[in-house]
Amino acid sequence: NPGFHFGWNGHGGNRDISFGLSPQFYQFSCPQTNDIVMSVLEKAISKDMRIAASLLRLHFHDCFVQGCDASILLDNSAKIVSEKNSKPNKNSIRGLEVIDEIKSKLEEACPQTVSCADIVALAARGSTVLSGGPNWELPLGRRDSKTASLNGSNNHIPPPNATIEKLITFFKRQGLDEVDLVALSGAHTIGVARCATFKQRLYNQNGNNQPDQNLEKSFFFDLKNVCPKSGADNRISPLDFGSPSMFDNTYFKLILRGKGLLNSDEVLLTGSVKETQELVKKYAQDESLFFEQFAMSMTKMGNLRPLTGFNGEVRKNCRHVN
Ligand code: HEM
Ligand SMILES: [Ca+2]
Ligand SMILES: [Ca+2]
């Protein structure tokens, strides 16, 4: 009976409410959940600052494919075609070992109680907080999928060369709007991207062998050094070179100066959509406004199509269905 694992059992909770997500979901069944997540994160981030960024991104790539159901964590098997080999994920997603470590500590403390989908959501929030970003109340109670979708991963995660219209379409498909798009793109205040993901801007932005004219000149030359025309696709550059491991609003300030790394960052300002242009300027001016909206949009993204109640399962190992 999956009800056994619910926070409400025997404590007078309301069944109807408890079938949705709730911040108190593990209050009785595993009260130490967030402490365990945070202690593993602190250790992992102290060894490798970038882990915070990688874990934040993992939640995004999970939620945009079948919802926030840990589908991204499943390895290839007889029945599973792993999302890990999709174009956006292959040679790119990181932090999976940290999720495994959190899971094994939680299995020790509270066997088969905390879902992998919730661990990914908790790790994304914890990574934001430990990087200096906002905190927020995180609804919990997501259950884990028994399936993955390689096609979904290839088709529903926006590519870095997308136009502003395309980005908006990808987000609308998930029930997210322009405000969510700009605020969540602010996650690029931490972490890095590979040459392969921004090379087009340096050498052939519009199929005419010309660079993107919106790139500030000295930034352009720096990027060409990191990312030559061929042979260095895996070299990396910070998404926010001003403060690559600090969660702040520098990302938006850099966009205003033509120093956004990805085309998808740049077009929030230079695309033809007034609303996203204005939001970039507002968040560049007002960090607390950005933090508030980021927290709200992360909550919205974290609530995408969760499996609840009797749907899905709580995996014992995040890489495999039970
Ligand atoms: C708006 C559309 C988005 C596009 C086109 C996009 C694209 C990318 C690309 C191409 C990379 C570099 C990957 C690599 O080189 O392997 C990246 C990194 C990253 N993305 Fe996004 N992204 C988007 C939205 C988001 C959202 C919504 C989040 C989280 C809320 C996010 C968080 C991150 C983080 C933190 C990194 C750095 C990861 C690391 O250093 O390991 N991105 N993104
Ligand atoms: Ca998913
Ligand atoms: Ca930053």
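Helices (H or I, at least four residues) and strands (E, at least two) are DSSP runs, numbered from the N terminus. The structure is a predicted model, in which local features need pLDDT of at least 70 and side-chain atom pairs count only at pLDDT 80 or more, while totals for chains, interfaces and linings use all residues. Residues are numbered from 1 along each chain as its sequence is written, and chains are lettered from A and ligands numbered from 1 in the order in which they are written.

The chain is divided into domain 1 (2-157) and domain 2 (164-300), with bounds that come from an automatic or database domain assignment. The centres of the two domains, taken over C-alpha atoms, are separated by 26 Å. To the contact, domain 1 contributes 15 residues and domain 2 contributes 16 residues; two residues are in contact if their C-beta atoms, placed from the backbone, lie within 7 Å. On the side of domain 1 that touches domain 2, helix 3 gives the most, with six residues. The residues of that side divide into seven nonpolar, six polar and two charged. In this division Ala, Val, Leu, Ile, Met, Phe, Trp, Tyr, Cys and Pro count as nonpolar, Asp, Glu, Lys and Arg as charged, and the others, Gly among them, as polar.

The largest nonpolar core holds 74 residues, of which Ile-102, Ile-119, Val-120 and Ala-123 touch the most other members. Because both domain 1 and domain 2 give residues to this core, it lies between them. A nonpolar core is a set of buried Ala, Val, Leu, Ile, Met, Phe, Trp, Tyr and Cys residues joined through C-beta atoms within 7 Å. A residue is buried if 20 or more other C-beta atoms lie within 10 Å of its own, exposed if 12 or fewer, and partly exposed in between, with C-beta atoms placed from the backbone. Apart from neighbours within four places in sequence, Val-120 is in contact with Leu-58, His-59, Asp-62, Ala-70 and Ile-99.

Ligand 1 is surrounded by 27 residues, the closest being Ser-92, Ala-187, Gly-191, Ala-193 and Arg-194. Two or more residues of this shell come from each of helix 3 (50-63), helix 8 (178-185) and strand 1 (192-194). A residue is near a molecule if its C-beta atom, placed from the backbone, lies within 6 Å of it. Helix 3 supplies the largest share of the shell, six residues.

His-61 is in helix 3 and is buried, since 21 other C-beta atoms lie within 10 Å. Beyond four places in sequence, His-61 is in contact with Ile-72, Pro-88, Asn-89, Ile-93 and Ile-157. His-188 belongs to the loop between helix 8 and strand 1 and is also buried, with 25 other C-beta atoms within 10 Å. Residues up to four places away in sequence not being counted, His-188 touches Leu-239, Asp-240, Tyr-251 and Asp-265.

Gly-242 lies in the loop between strand 2 (236-238) and helix 11 (250-256). With 15 other C-beta atoms within 10 Å, Gly-242 is partly exposed.
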